Amino acid sequence: MTRERILLIEDEPDIAEVLQYNLQKEGFQVETARRGDTGLEAIRRDTPDLLLLDLMLPGIDGLELTRLLKRDSATARLPIVMLTARGEEVDRIVGLELGADDYISKPFSPREVVLRVKAVLRRIQQEESEAERLEVGGIELDVSGHQLRVRGKEIPLTATEFRLLRLLLERSGRVQTRGQLLSDVWGYAEDIDSRTVDTHIRRLRRKLGAEADRIETVIGVGYRLRP
């Protein structure tokens with residue numbers, strides 16, 4: 001039975017209680033917090049295996065909390081699944097750009113949340129179990145160490161940027177449609193606008209610097225990393 005630790009930061013008691021019950025029923029250890037600032041304190045005391053995070057929180061809101069966590073090397077790789085009643089596309093895109101691993105809009109079923117949590121943890125565990133180094137030109141990605149070097153210089157990546165670059169490197173020379181990237185990087189194509197891919201590609205190109213032109217745009221189709 002899985003015993004991964006999940007921290008749930010949710011200020012609505014009814015939702016928190018239902019999610020905690022369903023996650024515990026699946027074998028997870030679940031701790032809860034009602035405020036962003038107290039949640040941050042809990043993470044810094046003892047980092048969980050995954051953070052289930054509402055966006056509309058007192059103290060520190062979910063987006064700001066994500067920024068703080070991703071800027072701190074001790075918590076930068078913490079998997080984050082966002083929960084929110086907000087329907088605006090901008091919140092979803094900003095959350096994913098900041099490094100969230102998934103995004104679930106309310107109302108949702110507890111079963112859906114459990115499945116998404118399992119999917120994120122499974123993906124992270126698979127990545128961590130594979131000792132691998134991918135190299136194309138001046139781009140060197142240490143999969144097990146979760147490090148990117150561009151012409152010898154270490155470049156920080158969010159978890160989502162890491163998965164996107166890894167996939168492009170693994171499939172270098174082959175065109176990847178936006179739909180393929182949404183499915184293989186985010187896992188839930190129906191919930192994420194395809195423009196999210198374009199946004200992440202732009203950010204990735206900026207970080208690749210002199211190697212940016214290796215990511216080629218195939219107009220009307222998607223992207224390809226040139227070997």
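## Helix packing and selected residues

The axes of helix H2 (residues 36-45) and helix H3 (residues 62-71) come within 10 Å and cross at roughly 20°. Axes here are lines fitted to C-alpha atoms, for helices over the stretch in contact, and angles run from 0 to 180 degrees between N-to-C directions. H2 is therefore roughly parallel to H3. Angles under 35 degrees count as roughly parallel, over 145 as roughly antiparallel, 65 to 115 as roughly perpendicular and the rest as oblique. Gly 36, Leu 40 and Ile 43 of H2 meet Leu 65, Leu 68 and Leu 69 of H3. Contact means heavy atoms within 4.5 Å. By class, this contact has 5 nonpolar, 1 polar and no charged residues. Ala, Val, Leu, Ile, Met, Phe, Trp, Tyr, Cys and Pro count as nonpolar, Asp, Glu, Lys and Arg as charged, and the others, Gly among them, as polar.

This is a predicted model: local features need pLDDT of at least 70, side-chain atom pairs count only at pLDDT 80 or more, and totals for chains, interfaces and linings use all residues. Residues are numbered from 1 along each chain as its sequence is written, and side-chain values use heavy atoms, with hydrogens and water left out. Helices (H or I, at least four residues) and strands (E, at least two) are DSSP runs, numbered from the N terminus.

Helix H6 covers residues 159-170. Its 12 residues should span 16 Å at 1.5 Å a residue, and its end C-alpha atoms are 16 Å apart, which agrees. The expected span is 1.5 Å times one less than the number of residues. In H6, 11 of the 12 residues are buried. Buried means under 20% relative accessible area, exposed over 50%, partly exposed in between (1.4 Å probe, protein chains only). Among the buried residues are Phe 162, Arg 163 and Leu 167.

H6 also packs against helix H7 (residues 178-186): the axes come within 10 Å and cross at roughly 125°. That angle makes H6 oblique to H7. The contact joins Thr 160, Arg 163, Leu 164, Leu 167 and Leu 168 of H6 to Leu 181, Asp 184, Val 185 and Trp 186 of H7. It has 6 nonpolar, 1 polar and 2 charged residues.

H7 packs in turn on helix H8 (residues 195-208), at about 80° with the axes 9 Å apart. H7 is thus roughly perpendicular to H8. Arg 178, Leu 181, Leu 182 and Trp 186 of H7 touch Thr 196, Val 197, Asp 198 and His 200 of H8. This contact holds 4 nonpolar, 2 polar and 2 charged residues.

| Residue | Relative accessible area | State |
|---|---|---|
| Thr 84 | 0% | buried |
| His 200 | 0% | buried |
| Arg 205 | 23% | partly exposed |

Thr 84 sits in strand S4 (residues 80-84).

His 200 belongs to H8.

Arg 205 and Glu 154 are 51 residues apart in sequence and 15 Å apart in space, C-alpha to C-alpha.
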